[in-house]
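Hi there,

Here is the structure I promised to pass on. Have a look at it first, and my notes follow below.

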Amino acid sequence: MRLLSILVAALAAVALAIGLKTEAGGIMGLGAAGLILALATWRAITIATFLRIFSTIFAVEYLVTGGAALLAQSGFWPASLAALAPPSSLPITIAVFGITVYAISFVPAIRRIARLASPYFEDPAPTTATLLRPFRIATGRLGIMMLIFLVVINQLQVGISLRLSFFNRDFYNAIQEKDANSFWYQLIYVFSVWAAIAVISSLIEMVANYALLIRWRRHMAESFSAAWLRNANHYRIALAGTSDNPDQRIAEDTRSFVNQTYNYALPLLTQVSTLVSFSIILWSIPVASTVPGTDITVPGFIFWMALIYSVAATWIAHMIGRTLIPLEFEQERREANFRFSLARLREYSEQIALMRGEATEQRHLSQRFGEIVTNFYRLIWARVRLTTFTLSFAQANVVVPYLLLAPHYFAGKITLGIMTQVATAFDRVQTAMSFFIDRYQTIAQYIASINRLTTFEAAIAQADAQGVRGSAAALAITPAAGRDMAIDRLALTLPNGAPIVNASSLSLQGGRSTLVVGPSGSGKSTLFRALSGAWPYGEGRISTPQGASTLLLPQRPYLPQGSLRAALAYPAEPGAFQEAALRDALAKVKLPHLADKLDEVDFWGQRLSGGEQQRLAVARALLARPDWLFLDEATASLDEKLENEIYALIRQELPLTTVVSIGHRSTLREMHDDIIAMEPNGDGTFTPKAMAKAAGA
């Protein structure tokens, strides 16, 4: 970027020197705009990567078009290519675009968009792409190359449209003058060639577009899901309630953001290029108007009319449609809540059926959908108001240029070809100026997606901060030498800040089994989650054995959808264990009838009983062989005899594993070496204290 800015400054200085010498205002303007662009390009290294790509493109285009304009001004441009020489206004316009990119980087909304978009274009991880043959390249570099290629294709298409507008003029002039030779020449040698190029470029753009979008979306979805799952962030976000429906934000909002960002960035660039190119046509048409009551003529009358017409329409559309943004955000939130209710109903279908809760669930679903309907009607009326205006505006666009040009045509000041060309140019200019009118409804959806991703990003950052385990954290989990797990000045709270557990000093001895007992609501499970590193609320220090692995089995195990092999190996990959080891583990936990179903795909969380699910979870522990095993009422669904056999199995198969259990049955006391009781305090909190086994017998 720094070298590029120096080159831009050098070209601008040359342009200023030539402009001052020749007194050419256009060339002096080219130099002045170039100097400002050079400064913006120099500073562009500080802006987000996504915006820096466009800044680089405009700087390069300024060098190319500005150099060509200087050659033409100095008389070094080939005479045979005089028609292709760019006017000095073109590099000036490009410089304005580059300066604008840097300026808008300070707009908060643009900054948020660029921050969300940039990580894909910065990713150094290698990826495989195919162009004639497969090759390896950095993910971000490939994304930048594809984006630049699409920008070039889009600007090529603007040039094609401009060329076809001149075909349109000459074609209709040939019809008016009954010039058959010119008619067929324009149709065969001009239109056919450029139309073919337009079709081919559109097909190439479509393929490159889809390739960029799916790669970008995959990167974004994987990045958000990885951050969400990292270090139990998903659990902390659910506890805090800081971000609703993360599934929608990862699946839907990333897709919407990628598509909409592309659909605004490149088409907007195309529309700006169109605006400049066709405005030159409007300005150059020999049609002027006088200010009423004076002899003052207004050059570029058609251009100014198109500009005023479009700006006024854009302002009116904004005033009508500004209520759409909050309504779109609310609609997506209510839709997501309804989908979540359906998914939760499916997850707990057995419990609902056993409790005959279908009528209640139906009322809840009706209430959720009623909220969707209420907001949807508000959204409809907002869309109707905006659509009424945009449709009326679109219909008026058909006749407005002809109303302006008809007097000049009938007065013989312009030809039919010029009138049709100007009408086309007027339409293209007002379409470019009306870019935001045509997309106002999608803008509302786009901003809503940005807001949801931004709040989700903030929730992840908050969860990350809560998950810090170092000594600087309020609730610090640090590795230490030895086999024991020690607690020092531990104070755990609920997500709402209410204190629940206080422990000044406590030690869990490695190699021994410990049972934690106490009344319901005394914080036993909260203590377990703090020891495993998942609970973020509180302060104090927990020292864990250096390099020790832990596994916590809750009362209701998680069984992922898929094969039984995957459910048994979880969280390891399905192929992490030999089949013989899987079958042996099932047999030991008294599930031999499942050994032949390892590759069956089913909803195992619904197919297996509660006791079978708990025994399957114990089989996982036998396979994983953790250093510390926490059992949070993990055998509560088993009868006492089977529970006793499972604990004996764990002691036999995992002799080096330290077992810490939560349970209410008195029979569990004999299966553990030590007892910790949650004793109540006067302030409503509980303190875990070691007690003699005989005292609790």
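Is Lys178 buried or exposed? Lys178 counts as exposed, because its relative accessibility is 75%; buried means under 20% relative accessible area, exposed over 50%, and partly exposed in between, with a 1.4 Å probe and protein chains only.

Some background before the rest. This is a predicted model, where local features need pLDDT of at least 70, side-chain atom pairs count only at pLDDT 80 or more, and totals for chains, interfaces and linings use all residues. Residues are numbered from 1 along each chain as its sequence is written, and side-chain values use heavy atoms, with hydrogens and water left out.

Now the backbone. Lys178 lies in the loop between helix 6 (139-176) and helix 7 (180-229); helices (H or I, at least four residues) and strands (E, at least two) are DSSP runs, numbered from the N terminus. Although Lys178 is not a glycine, its phi is positive, at about 55°. Arg625 is another residue other than glycine with a positive phi, near 50°. You will find Arg625 in the loop between helix 21 (610-624) and strand 13 (628-632), and it is partly exposed at 46% relative accessibility.

There is also a cis peptide bond, from Tyr570 to Pro571, with omega near 10°. Pro571 sits in the loop between helix 18 (564-569) and helix 19 (579-588).

Finally, Arg115 belongs to helix 5 (residues 108-122) and is partly exposed, with a relative accessible area of 37%. Leaving aside residues up to four places away in sequence, Arg115 touches Thr454 and Glu457 (contact means heavy atoms within 4.5 Å).

Best wishes
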